[in-house]
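The following exercises ask the reader to work from a structure to conclusions, one step at a time. Please examine the sequence and the structure shown here before reading the solutions.

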Amino acid sequence: MLAIALILVCIGIVCLNYKGSLAKQPKSVLTGLLFNLVAVVLFCQMYGFARGIFVFLGAFALIGIVVTLSIPIIKPRPSGAE
């Protein structure tokens with residue numbers, strides 16, 4: 001169940017992230033929020049309410065930083081751009 005919750009957090013962050021900022025499309029934002037809401041519920045079932053919320057926030061922060069910092073690595077700038 002922990003692996004499923006972490007995968008849902010990853011999918012939710014990718015849906016919410018658009019070039020390092022919050023996505024502008026409402027459909028993408030709602031999809032990301034839905035995935036993260038399900039992940040919160042799973043974490044709360046595993047760890048209890050308070051601890052589950054903090055585990056979710058920690059996972060969200062860590063995965064969010066990794067995804068945001070990996071955007072330039074995955075999509076490098078054109079060679080002529082400075």
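**Exercise 1.** Determine which residues distant in sequence are in contact with Asn 17, and state whether Asn 17 is buried or exposed.

Solution. The structure is a predicted model.
Step 1: when neighbours within four places in sequence are set aside, Val 67, Thr 68 and Ile 71 are in contact with Asn 17.
Step 2: Asn 17 belongs to strand β1, which covers residues 17–18.
Step 3: the relative accessible area of Asn 17 is 18%. Buried means under 20%, and Asn 17 is therefore buried.
Step 4: Ser 28 is 11 residues from Asn 17 in sequence, and their C-alpha atoms are 9.0 Å apart in space.

**Exercise 2.** Classify Leu 33 by its accessibility, and find the separation between its C-alpha atom and that of Ile 13.

Solution.
Step 1: Leu 33 is located in helix α2.
Step 2: its relative accessibility is 47%. A residue is exposed over 50% and buried under 20%, with partly exposed in between; Leu 33 therefore counts as partly exposed.
Step 3: Leu 33 and Ile 13 are 20 residues apart along the chain, and 8.7 Å separates their C-alpha atoms.

**Exercise 3.** Describe how α1 and α2 are arranged relative to each other.

Solution.
Step 1: two packed helices are described by the angle and the distance between their axes.
Step 2: the axes of α1 and α2 come within 8 Å and cross at roughly 155 degrees.
Step 3: angles over 145 degrees count as roughly antiparallel, and therefore α1 and α2 are roughly antiparallel to each other.
Step 4: the crossing in which α1 passes α2 is left-handed.
Step 5: sorted by class, the residues in the contact of α1 with α2 comprise 19 nonpolar, five polar and no charged ones.

**Exercise 4.** Identify the elements that give two or more residues to the largest nonpolar core, and examine the contacts of Phe 56.

Solution.
Step 1: the largest nonpolar core has 13 residues, of which Val 9, Ile 13, Ala 39, Phe 43, Phe 56 and Ile 63 touch the most other members.
Step 2: two or more residues come from each of α1 (2–16), α2 (26–47) and α3 (49–74).
Step 3: α2 supplies the largest share, five residues.
Step 4: apart from neighbours within four places in sequence, Phe 56 is in contact with Val 9, Asn 36, Ala 39, Val 40 and Phe 43.
Step 5: as general background, nonpolar side chains tend to be buried together in soluble globular proteins.

Definitions and conventions:
Residues are numbered from 1 along each chain as its sequence is written. This is a predicted model: local features need pLDDT of at least 70, side-chain atom pairs count only at pLDDT 80 or more; totals for chains, interfaces and linings use all residues. Side-chain values use heavy atoms; hydrogens and water are left out. A nonpolar core is a set of buried Ala, Val, Leu, Ile, Met, Phe, Trp, Tyr and Cys residues joined through side-chain atoms within 4.5 Å. Buried means under 20% relative accessible area, exposed over 50%, partly exposed in between (1.4 Å probe, protein chains only). Helices (H or I, at least four residues) and strands (E, at least two) are DSSP runs, numbered from the N terminus. Contact means heavy atoms within 4.5 Å. Axes are lines fitted to C-alpha atoms, for helices over the stretch in contact, and angles run from 0 to 180 degrees between N-to-C directions. Angles under 35 degrees count as roughly parallel, over 145 as roughly antiparallel, 65 to 115 as roughly perpendicular and the rest as oblique. A crossing is left-handed if the near helix is turned anticlockwise from the far one by less than a right angle, and right-handed if clockwise. Ala, Val, Leu, Ile, Met, Phe, Trp, Tyr, Cys and Pro count as nonpolar, Asp, Glu, Lys and Arg as charged, and the others, Gly among them, as polar.
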